Amino acid sequence: MFELRCLVTMSLGSRIAAGLERDIPAAIRAFARKLGQESGALAVLFYGSNLRTGSLEGVLDFYVLLPGKAESGIWPRVSYREWLHEGTLLRAKIASMTLAKFRDAAAGRLLDTTIWARFVQPSGLAYVRDEMAVRDVREAIADASVTAARLAAVLGPDHGTADDYWVALFRATYKAEFRVESPGRERSILDANAAHFDGLLPLALNEAGIPWQRKDGHYSIVIPVAERRRVLSWWKTRQRMGKPLNLARLVKASTTFDGAARYAAWKIERHTGVPVEITPWREKHPVLAAPGVLLSVWRAKKRRTGKH
């Protein structure tokens, strides 16, 4: 028997609200509150693998959403921060941008692909200033799900499981970005976040006004020819601009990444076991310092292995 879209009673908004209120360890909430209050942020979103595991190890991922008009130029601003909280050293990579810009990006109104593709995945509201900000963040995350689902419906098969559509989406967005992901990365996202994606597709399709039917776990999604062409045209423009935009962000981050030297030092020590001293000059000029740092790490590894 077919399950028609009208039989789905839960709204996307309710689903998003529940997801954003997920459990977040107290130490991470304290870090988010510190970041939010220091910057005057409207909200701080927590995401990434540590959201799923609850671990304090590694680098925590935050999006700090600021008040004000949508900024121009290359965004977000990226920084790295370490904070000793009740005897535990926490490390965080922080992306900062206005909530106004975040909402535009989530709704697909910009050339960017990173926001809606990232936040159709799980995130948690780790800090929020007031109820209005809660509402705005919920709407933005819902918009990200609708933007992603609309494209997934166009890129996916005529008939398939929900995972088939999400796999098609993530495979396309990874290819459009200036990054290298191992084959099957899109599958691992779904496996690691199965509860989050379970039932999300029909809710997002409902919100997008896209008809669907489901039988035996397989969807049939009907998109008019004109709408399919419009979405594909929208996507092709962003597909072409994906790598240039990501490259521009990498170039900007190489000179404006606050705490870049400390972040690199932590990554090097974690992967090689060789500690890196952060001198004032290295802190101020991380890009210029990189060749000397890598040479010193290479020499230290040779001494450890006894090679001359």
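Student: Which backbone oxygen does the side chain of H218 reach?

Tutor: That of D216, at 3.2 Å. Keep in mind that this is a predicted model.

Student: Where does H218 lie?

Tutor: H218 is in strand β9, which covers residues 218-221.

Student: What is H218 in contact with, leaving aside neighbours within four places in sequence?

Tutor: H218 is in contact with G160, T161 and Q213.

Student: How many residues apart in sequence are H218 and G160?

Tutor: They are 58 residues apart in sequence. In space, their C-alpha atoms are 4.8 Å apart.

Student: New topic, aromatics. How many aromatic pairs does a search of the whole structure find?

Tutor: The search finds 13. One of them is F31 with F62, an edge-to-face pair. Their ring centres are 5.7 Å apart, with 65 degrees between the planes.

Student: Why does that count as edge-to-face?

Tutor: Because planes over 60 degrees apart count as edge-to-face, and this pair has 65 degrees.

Student: Which parts of the chain does the pair link?

Tutor: Distant ones. F31 is in helix α2, residues 26-39, and F62 is in strand β3, residues 59-66. The two are 31 residues apart.

Student: Is F31 buried or exposed? And F62?

Tutor: F31 is buried, because its relative accessible area is 0%. F62 is buried too, also at 0%.

Student: Which residues form one aromatic cluster with F31 and F62?

Tutor: F46 and W83 form that cluster with them.

Definitions and conventions
Residues are numbered from 1 along each chain as its sequence is written. This is a predicted model: local features need pLDDT of at least 70, side-chain atom pairs count only at pLDDT 80 or more; totals for chains, interfaces and linings use all residues. Side-chain values use heavy atoms; hydrogens and water are left out. Rings of Phe, Tyr and Trp (its six-membered ring) pair if their centres lie within 6.5 Å; planes under 30 degrees apart count as stacked, over 60 as edge-to-face and the rest as tilted. Helices (H or I, at least four residues) and strands (E, at least two) are DSSP runs, numbered from the N terminus. Buried means under 20% relative accessible area, exposed over 50%, partly exposed in between (1.4 Å probe, protein chains only). Contact means heavy atoms within 4.5 Å. A polar contact is a pair of N or O atoms within 3.5 Å; within protein, one must be able to donate a hydrogen and the other to accept it, and residues adjacent in sequence count only if both atoms are side-chain atoms.
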